[in-house]
Amino acid sequence: MRSIDWDALLGVAIDAMKRAYCPYSGFPVGAAGLADDGRIVSGCNVENAGYGVTLCAECGMVSDLIRSGGGALVAVVAVNGDAVPVSPCGRCRQLIVEHGGPSCLVLMPGGVTAMSDVLPGAFGPHDLDSVGATPAPASSATKEGNDGDL
C-alpha cells in the first residue's frame, strides 16, 4: 500500500482553500486528493448567487483529477477556513466514491476513514448494470387509457 503524506495533502488543501470564492457563506473550503499515479489534485468551493449551483471544493478536485489525466483517488482531505479537516457533504461523498472507490481514504475530523465507512452502501456504476433490463411497469393512468392530464 502507498504511503500517504497527509501533511502534503493538507498543505495543498489549505492553499486551495485560500483561493475559494465564498462571498455568500463566508465559508471557504479547499480539497486535495492523491491520485493513484502520485499526482496531487485540488479544488476550492465556488459559490453562486443561485445557491443550488454552488460548486463544492471536492467537485473542483475531481474536475482537476479528470482534467489532468484521470485515474483514481487514493486519499482525500478537505479543510475549512481554519485549516481544519471537514467532513465531505453527501454530494461530495458520492463524487469521492465514484472516483476513488470504497477503499479511498478520507481524512475526516476524527481521523482517516475508508470511503466504505464514510458512505456505506454507496450507489455506484455497478448499480446501473441492470438498468433497462426489466421494463418499468406502466402507470395506472396509462393502463386505464388516461392521457395523464389531471
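Analyst: Let's start with pairing: two strands pair if DSSP finds at least two bridges between them. Strands here are DSSP runs of E, at least two residues, and helices are runs of H or I, at least four residues, both numbered from the N terminus. This is a predicted model, so local features need pLDDT of at least 70 and side-chain atom pairs count only at pLDDT 80 or more, while totals for chains, interfaces and linings use all residues. Residues are numbered from 1 along each chain as its sequence is written, and side-chain values use heavy atoms, with hydrogens and water left out.

User: How do you know that β3 and β4 pair?

Analyst: There are 3 bridges joining β3 to β4, and the definition asks for at least two, so they pair. The two strands run parallel.

User: Which residues of α2 are called buried?

Analyst: Ala-57, Glu-58, Cys-59, Met-61, Val-62, Asp-64 and Leu-65. Buried means under 20% relative accessible area (exposed is over 50%, partly exposed in between; 1.4 Å probe, protein chains only), so these seven names fall under that 20% limit. Their cover includes β1, β2, β3 and α3. In the whole protein, 39% of the 150 residues count as buried.

User: Why is a set of residues called a nonpolar core?

Analyst: Because its members are buried Ala, Val, Leu, Ile, Met, Phe, Trp, Tyr and Cys residues joined through side-chain atoms within 4.5 Å. The largest one has 20 residues, and Met-61, Leu-73, Val-76, Ile-96, Cys-104, Val-106 and Met-115 touch the most other members. α2 gives the largest share, 4 residues. Apart from that core lies another of 15 residues, among them Trp-6, Leu-10, Val-77 and Val-79.

User: What is Ile-96 in contact with, leaving aside its neighbours within four places in sequence?

Analyst: Contact means heavy atoms within 4.5 Å. Ile-96 has Glu-58, Met-61, Val-76, Pro-88, Gly-101, Cys-104, Val-106 and Met-115 as its partners.
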